[in-house]
Amino acid sequence: MKKIYDFFIGVMNKYTTGVPFLIWGFYGLVMAVFLIIFRDYPNVRFEKLLYVLVLSTVWLIASDVTKRRELFNKKIHFIVDSLVYVAIFSAIYYFTGGSRGDLSFIFSLIAVSAPLFGTWIETMILIWASGMVIFGIDLTFAFRGDVSLDHYHIGSMILRILVYFVIAGIIKYFQINYLKELEKAKEFQATILEKNKELEKAKASVDDQIREKTKELQEQNNYLENARKVAANILEDMMESGNKLQEQNSYLEDARKAVVNILEDVAQSEHDLSHKTLELEKFQQAADASFDQIAITNPDGIILYINDAGEEITGYSKEESIGKNPGKLWGGQVARDVYEKMWNTIKVDKSPYAGEITNKRKDGEKYLASIRISPILDKKGDVKFYVGVERDITEEREAQVQIIRHAAELQKANVSIEKQKESVESILRFLKSIGDGVVATDMEGRVIFFNEAAEKLTGAANEKAIGNYAWETLYYFKESDPKTQIRVIKKFLAGEEKFNRVSDRLMLKRKDGAVVDISFSISYIYDKNKIKQGCILVMRDVTEERELEKTKDNFLSVAAHQLRTPLSGIRWSLEMLLGDDVGKLPEEAHEVVENINENTMRLINLVNDLLNVSRINMGKVIEPASPVGVVETISAVLKSGEGFVAKNKVKIVFDNDNNTETKVFISPQHFFEAIENIVSNAIKYTPELGTIKTVVSQKDGKVRIAIADSGIGIPKKEQEKMFSKFFRAQNAIQKDPDGSGLGLSVVKSFIEEAGGTVSFESEEGKGTTFFIELPVYSESK
Amino acid sequence: MNNPPCILIAEDDKFLVKVYTTKLSKEGFQVEVASNGEEALKLAREKNPDLIFCDLMMPIKDGFEVLKELKADTKLKKIKVVILSNLSQEEDKKRVMDLGAEEYIVKANVPFSEVIALAKKYLAK
C-alpha cells in the first residue's frame, strides 16, 4: 500500500507542484458544502456530492503537505497541473457516467481553483472564462433541447459565478499571505546566498593574503639564504686568516726563544759585574763611613780616590782632588824637610809613615792633622799604591790646652766649694733637728732629702730612702682601707690631688708593721726662676692627739647621752599629759604644759647643735661624701618644710634653671641640713605673705644656690659676725628668741668641708640672700 | 589572732619604762620589761616576743651585746630588734645596723607617737 502511495506521490511531485492538490482538496470540501446547501436545486444530485467528496479526498491525499517547498510560480508546472487535473477528472467522470451537469461542474472547479494560478487579473479572467465555458456548454445543450435556459437557469449560473469570485477572493487572500511567507523564505535564502558569496569573497581575499604572505616569506627566506651564504663566505675568510696567524705565531715563538737565550747570556755577565760592583761598593761605604780622611794615590802621589771625610776635612771636593797632587791642594804648609822625611820613609824605605802635619783647607783655614801613610806593594815588591789616613786633630789639641787651663781654675774653685759645703752642712743639721718628718723629692718622686724625724716615724733608714721613689719608703693608707697604699707624693706631683686641706690625715705603716696616725702637709719646691723642682712633705705623728680627740668625743657623746636621757623622759611624759593618757588635763594646765614642751624641745635642739659643732671643731671625719643631686636635695628640703611654710604663710619659688642633673660631692646629710638651715631661717625671718626664692645656677664649673627672702634682713654692723658660733643679730632675737645661734656656723663648716663657700647679701628691712657655692661634681672623676 | 602581739622593752630608766608600758598597752600590745641586758636575753628566750625595743646603755650587758647574742641564736635571731638610744654617734649607728638591727632611733629626737608607729610597722609584717 505504502509503495503505491509513494509512487503516486512521486509522480505528482515530479510533474506538478503539490500545492494545488491541497487547494483542490480544500475546494472540493467547499463544493461539497456548497452542494449540500444547494441540494434542493434541481440539478444538484446526491451523486455529485459523492463525486466531489471522493475527488476531494483523492486530491488531499495527493497533496502531501511536505512537498510544498517547491516554488509555486513555475508557470510550466501550473499549466501541466491544470491539464493533468482536467485529464484525470474527465477520465474519472467519463468512466463513472457523468452528465452535462457534471461537465459544468468540472469547469466550476476550475473556476474555483483559479486563484491559485496567478495574479488577481489572471484569476478573474480564468473565472470569467470558466463561467463563459459553462455558459457556452449550457447554451449548447439548450440548443440541443437537453436543457431549457430559463431565468432560473441563468440566475443560478450568475450566482455560481459570483460565489466563485467570493471564494476565490478569500482563497487568494490566504494564498497571498502564504506567498508572503514564502517570499520571506526566499529572501532569507537569498540573504544566505549573499552571505555565502561574501564568505566566498572573504575566503578568496584571505587566500590572496595567504598567498601574498607566502610570497613575502619566500622572499625573506631567499634573503636569509643569501645572508647565510655571505656569512659562510666570511667565515671561510676568517678561517684562512686564522691559519695565517697560526703561522706567524710559531715564527714569533722561535724569535722569542732566540731572544731568551741572548738575555740569559747578558744576565750572566751582569751578575758577574754586579758582584764585582757590590764588593767595590762595600769598600766605598766603609771608607765613606769613616771619620778619618782616607786617600789612595798612585806611586807618584796622584790621588786616585778620596773618601767623604776627606772632602769635609780638606774642603776640596772629590772631583777637585782626584787626579791632583795633595801637596798642591791642602799640603805644602810646612817645611820641606818634613816632606822629604815622609817621602823617604814611604818611597825608599817602603814602610809606613806616621806624624803630625799642618794643612790648609780650601777656604784657607789651617788645621792640624795626624797623618799615617802606608805603601801597598805588588808581588814584585814595587809600590803600587799609597794609602793615606789623616785625622783633623785641631780641636782635640785645643781641648787639651783648655783642660789644663780649667784644672788650674778648678783648683781655685775647690777651695770655695769646701767653704760652701760647710754652710750647707750646717743647714742640713738644722733641718735634721726639725721635730717633724721632712721628705723632699724631685719631680719624679725620688727622695732627695729624708730627715731624722722621718726616719724615726717610718722606721726606714735615710740611706735606703734617698734616691728611691718616695712611696717605696712611705706607706700611707686610709684607716678604712689598710690594704690600699695611697702614694701621696706621686699623686701630688702628678697633679691628681692637691692635699691642700690644712693637715690632711692618713695612717702610716712603719717598716716594723706598726701603724701611726699622721697629719701631713705637702707643697712644691721652686727654684729661683719659679720653676718646680720637686716637692716637700712634712708629717707629724698625731696619734696622741687623736687619742685625746677620741676621749673628748667620747666625753661629748656621754655628755649628750646623759643630757638626752632625762630630756627624752620629759618629752614623752609631756606627750602623755597633752595626749590625756593619764587622765584629762584641765584647760588651764594645757597652756602651761605646752610651754614646758616648747622649752624641752629647745633644750633637745641645743644638745644636738652643741654636739654637732663640737664634733666639727675637732675636725672629726664625719659623714662620707658622695655625689648628691642639688635640685633633688633642695626639693626634699622644701617638701619637708611644707608645714612650716604653710604655718608662716609665705610663698616659695624654686628656679632650677635646667640644672636638674647637676651634682656636688658632699655628705648628703650635711648638704640637706645646710640647705634646711638656710631655708628655715629664710622662712622664719620673713613676715607673712613674703616670698622665698631659691635659684640654682651654674658657672665656671661651680654650682650656685641662691636663697633669697623678703624678710627682716641683717643690719650692716652685725653682718661680719654672722657665721660666728652662738651669734644672733638683735633683730633676729626679737623675731625669734629661741634660736641657738649655731645654725650658720654649722652650715659654713659643712659647706667648706666639701670645698665650697657660703656668703650672703642683705639689707635691713628688705631681705637677705644667701649664696652657697660648691664645685660641680662630674662623673669623669 | 588570740594573743596580742608581744613587745619586749629593754630599758634601765624606770621612768621611760612607765611611758612605754602605759602607751603601748593602750594600743593593745602585751609589754614585757627588762631593766638590763642579761634580763633582756632571759625574757627573750622565755616569752619569745614579736618585737624588741632595746636601749644601748644598760648595766650588766649593754644593747650591743644583747643584739649580738640575739642574732647569734638560731631561735632568737628571727625576732625584729629596734634600737632606741640617746647616743647619736655614726659609729654606734653603723655598728648596730651591722649587727642586724632593723632601725636606730634617738629617743630624745622623736615623739613617742613615732615609737608607736614603729611598733605597728614591725608587728604588721
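Does A:Asp292 count as buried or exposed?

Analyst: This is a predicted model, and everything below refers to that model. A:Asp292 counts as buried, at 15% relative accessibility; the cut-off for buried is under 20% relative accessible area.

The side chain of A:Asp292 meets that of A:Arg391 in a salt bridge, with N to O at 2.8 Å. A:Asp292 sits in the loop between helix H7 (151-289) and strand E1 (293-297) of chain A, while A:Arg391 belongs to strand E5 (residues 383-392) of chain A, so the pair ties together parts that are 99 residues apart in sequence.

Other salt bridges give some context. Over all chains the count comes to 27 salt bridges. One of them joins A:Lys748 and A:Glu752, whose closest N and O atoms are 3.5 Å apart. These two residues, A:Lys748 and A:Glu752, are four residues apart in helix H23 (residues 743-753) of chain A, and so are separated by about one helical turn. A:Lys748 is partly exposed at a relative accessible area of 27%, and A:Glu752 is partly exposed at 40%. A further salt bridge links the side chains of A:Glu763 and A:Lys766 (3.3 Å, N to O). Here A:Glu763 is partly exposed, with a relative accessible area of 43%, whereas A:Lys766 counts as exposed at 57% relative accessibility. A:Asp288, A:Asp308 and A:Lys318 are linked in a network of salt bridges.

Helix H1 (14-26), helix H4 (90-99) and helix H5 (112-124) of chain B each supply at least two residues of the side of chain B that touches chain A. Of that side, H1(B) gives the most, with seven residues. By class, the side of chain B that touches chain A has 12 nonpolar, six polar and six charged residues.

In terms of contacts, 24 residues of chain B meet 20 residues of chain A. The two chains, B and A, bury about 2000 Å² between them, with 54% of that area on carbon and sulfur atoms. On the chain B side, B:Asn86, B:Gln89 and B:Ala108 lose the most area to chain A, together 26% of what that side buries.

A:His561 lies in helix H17 (residues 543-578) of chain A and is buried, with a relative accessible area of 8%. Leaving aside residues up to four places away in sequence, A:His561 touches B:Met57, B:Asn86 and B:Leu87. The side chain of A:His561 also makes a polar contact with the side chain of A:Gln562, at 3.0 Å.

Chain B itself has five helices and five strands, which follow the pattern β-α-β-α-β-α-β-α-β-α along the sequence. Of the 125 residues in chain B, 52% are buried. Among contacts in chain B between residues at least 6 apart in sequence, 60% join residues at least 24 apart.

In helix H2 (residues 37-47) of chain B, the buried residues are B:Gly37, B:Ala40, B:Leu41, B:Leu43 and B:Ala44. Seen down the axis of H2(B), they fall within an arc of 165 degrees, so they line one face of the helix. Their cover includes strand E1 (6-10), strand E2 (30-34), strand E3 (51-54) and helix H3 (63-72) of chain B. At the start of H2(B), a side-chain oxygen of B:Asn36 comes within 3.0 Å of the backbone nitrogen of B:Glu38. After H2(B) comes B:Asn48, with a positive phi near 45 degrees.

For H3(B), the buried residues are B:Gly63, B:Phe64, B:Val66, B:Leu67 and B:Leu70. They too fall within an arc of 165 degrees seen down the axis of H3(B), so they line one face of the helix. Exposed residues B:Lys68 and B:Ala72 are carried on the face of H3(B) turned away from its buried side. What covers the buried residues of H3(B) includes H2, E3, strand E4 (80-85) and H4 of chain B. At the start of H3(B), a side-chain oxygen of B:Asp62 reaches to within 3.0 Å of the backbone nitrogen of B:Phe64.

Technical notes. Residues numbered from 1 in each chain as written. Chains lettered and ligands numbered in written order. Predicted model: local features only at pLDDT ≥ 70, side-chain atom pairs only at ≥ 80, totals over all residues. Heavy atoms only, no water. Buried < 20%, exposed > 50% of the residue type's maximum accessible area, 1.4 Å probe, protein only. Arc of directions from axis to C-beta. Contact = heavy atoms within 4.5 Å. Polar contact = N/O pair within 3.5 Å; in protein donor to acceptor, adjacent residues only side chain to side chain. Buried area = accessible area lost by both parts, 1.4 Å probe. Nonpolar A, V, L, I, M, F, W, Y, C, P; charged D, E, K, R; others polar. Salt bridge = Lys/Arg side-chain N within 4 Å of Asp/Glu carboxyl O.
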